[in-house]
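Here's a quick briefing to read alongside the model. Take a look at the fold below, then go through the notes by topic.

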Amino acid sequence: MAANMYRVGDYVYFENSSSNPYLVRRIEELNKTANGNVEAKVVCLFRRRDISSSLNSLADSNAREFEEESKQPGVSEQQRHQLKHRELFLSRQFESLPATHIRGKCSVTLLNETDILSQYLEKEDCFFYSLVFDPVQKTLLADQGEIRVGCKYQAEIPDRLAEGESDNRNQQKMEMKVWDPDNPLTDRQIDQFLVVARAVGTFARALDCSSSIRQPSLHMSAAAASRDITLFHAMDTLQRNGYDLAKAMSTLVPQGGPVLCRDEMEEWSASEAMLFEEALEKYGKDFNDIRQDFLPWKSLASIVQFYYMWKTTDRYIQQKRLKAAEADSKLKQVYIPTYTKPNPNQIISVGSKPGMNGAGFQKGLTCESCHTTQSAQWYAWGPPNMQCRLCASCWIYWKKYGGLKTPTQLEGAARGTTVRMDDEGQEPHSRGHLSRPEAQSLSPYTTSANRAKLLAKNRQTFLLQTTKLTRLARRMCRDLLQPRRAARRPYAPINANAIKAECSIRLPKAAKTPLKIHPLVRLPLATIVKDLVAQAPLKPKTPRGTKTPINRNQLTQNRGLGGIMVKRAYETMAGVPFSANGRPLASGIRSSSQPAAKRQKLNPADAPNPVVFVATKDTRALRKALTHLEMRRAARRPNLPLKVKPPLIAVRPPVPLPPSSHPASTSEPIVLED
């Protein structure tokens, strides 16, 4: 029963989703609502998976500095990976959660230099923190409440000097002596001098205008003069005057009047004291934040001195009594029974209907964390189409620590280079592989200077190198891999572990029957070059100023698309030239011989690829002549020519031309001056 009893100040697990890891929270208050339910006001603690990749790198650098300063023993890569799951980040964010969502207790401690990190892995439900995360500003800062324990905080005690040995240390850097216990004065004489100092302080407050307004009565002035600041001043006066009472009394009352000593309680106004109480209620004893947000005109030393003097006043005692009475009216503890309902991600039966209770998984799948094949219970984990699962022990580890025992690609251990998963354990929808500056850098319309400038800001390139087992698995497990289907859906992930596991089973049997390799007959290089020259003949440059003969009959012929970038070869059916996608090569299609000013202007930032295909009205109209099945076939095999029937075009009777008055025949060439 004690394990299910939760009190204020306990660190507990909260469950907000059946597939997400638990939330680690600290209970601040337990409140009973109007309908009888219990809500817990908690302080939020964040994991590494909850912060950005830039803050993760900052936390890594802080961890390396801590290991170097504290001289931590070496740990393995797997232990280092699991230590990241034990690290939390404290915050000042509060939230209210139902107490029925509590799933257990845990322990969270502040990390100091005397701790050994590997000891946290030996204890269950044990976490540590050293940085504070601000969810609004998205920053990580060192905790101000750090306990200064360690070798660098210890004093270095020098050796004791021998008799007659001189002290060669710089006395100006040493401590200043403020009181000598072996002074010639008796205790009675010292007490009498302190009474005189209090009387002088009371008289000085009566002469001071500001003090007389704050302490209008005599007993208030006498009480203020009896504070520690007056006694410290009197004892310092005795020390400076060599414990001579006559000289010390004359120092208390110089020629200009009595000396007035005031501490922080007298220097602060009533409005400043109210601001301090409000800041203390919000931030606690975090004096840096109090000074930054509420009292920026005060020094940090002044705020600290005022705090300890304020604790001696009646105002502090009254607030303490009010908080105690308010705490008595609230719940001190709450009993939450053990949660025994089955998890929706639990895989009940492998042969049941897919989508029901996480079932429908293939046989032979292993645990994504420990790679075991035997477990009393399995749980679905990750994207549903990946069909990944975890064993019972790894599922409990995932729920408590927010990660897997071993780093995997699906977990998103290396942020920024691997897949990053959302709160549901699924891969988010990617907006695109390239950003706008990267698309501009690849666009053919971008100048070389701008392209070099943009390429310098691109992401770091990476290479994917396949292993021999992966290449074998592509051939051995074609029924599971389905390469044609995977090529049509490149965005759908593939469970490579399951395919490799099946390949390792089939490989011993397939080794006896070698694969059939079909030799590919390649044409000689000379033949390929000859075909390329025949398809795209070079046009000789015409010298400027020469006459170019043009035949009139050529004006009505189709110009072709020799200069436009295309994907397929052209074919001619029934005397009508057609492109590979079923569009007749009409004379209205623009060619590369037209000037660039008449072409359609494209935005360089919107160009997705270096190659851009421009479609005209005629090609878009003829594209509708293709059926849906023909369009899909053409998209799957872009290298093959496409044969379509030419559209029926109404042929108009030729219009007789009027007799020409020019004596020249149509067969004669026309000479144009350049």
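**Aromatic pairs and the rest**

There are 19 aromatic pairs here, counting rings of Phe, Tyr and Trp (its six-membered ring) with centres within 6.5 Å, where planes under 30 degrees apart are stacked, over 60 edge-to-face and the rest tilted. This is a predicted model, where local features need pLDDT of at least 70 and side-chain atom pairs pLDDT 80 or more, while totals for chains, interfaces and linings use all residues. Residues are numbered from 1 along each chain as its sequence is written, and side-chain values use heavy atoms, with hydrogens and water left out.

**Rings**

- Trp268 and Phe276 make an edge-to-face pair, because their planes are at 90 degrees with the ring centres 6.0 Å apart.
- Both Trp268 and Phe276 are buried (under 20% relative accessible area; exposed is over 50% and partly exposed in between, with a 1.4 Å probe and protein chains only).
- One aromatic cluster takes in Trp268, Phe276, Phe287, Phe306, Tyr307, Tyr308, Trp310 and Tyr316.

**Charges over rings**

- Lys41 has its charged end over the ring of Phe94, 5.1 Å from the centre; the rule asks for NZ of Lys or CZ of Arg within 6 Å of the ring centre and within 35 degrees of the ring normal.
- Tyr6 has Lys105 over its face, at 5.7 Å from the ring centre.

**The largest nonpolar core**

- This core has 16 residues, and Val24, Cys106, Val108 and Phe127 touch the most other members; a core is a set of buried Ala, Val, Leu, Ile, Met, Phe, Trp, Tyr and Cys residues joined through side-chain atoms within 4.5 Å.
- Elements giving two or more residues to this core include β4 (38-46), β5 (87-98), β6 (102-110) and α14 (392-401). Helices (H or I, at least four residues) and strands (E, at least two) are DSSP runs, numbered from the N terminus.
- Leaving out residues up to four places away in sequence, Cys106 touches Tyr11, Val12, Tyr13, Val24, Asp125 and Phe127, where contact means heavy atoms within 4.5 Å.

**Helix α1**

- Leu55, Asn56, Ala59, Phe66 and Ser70 are buried in α1.
- These residues cover an arc of only 100 degrees around the axis, so they are on the same side of α1; the arc is that of the directions from the helix axis to the C-beta atoms.
- What do the buried residues of α1 pack against? They meet β5, β7 and β8 (139-142).
- Just after α1, Lys71 has a positive phi of about 55 degrees.

- Most residues other than glycine have a negative phi.
- Asp125 is not a glycine, yet its phi is positive at about 55 degrees. Asp125 is in the loop between α3 (118-122) and β7, and counts as buried because its relative accessible area is 16%.
- Lys138, also not a glycine, has a positive phi near 60 degrees. Lys138 lies in the loop between β7 and β8 and counts as exposed, at 52% relative accessibility.

**A loop contact**

- Val178 is in the loop between β8 and α4 (187-207), and its 45% relative accessibility makes it partly exposed.
- Val178 and Leu238 are 60 residues apart along the chain, with 9.3 Å between their C-alpha atoms.
- Leaving aside neighbours within four places in sequence, Val178 contacts Met235, Asp236 and Gln239.
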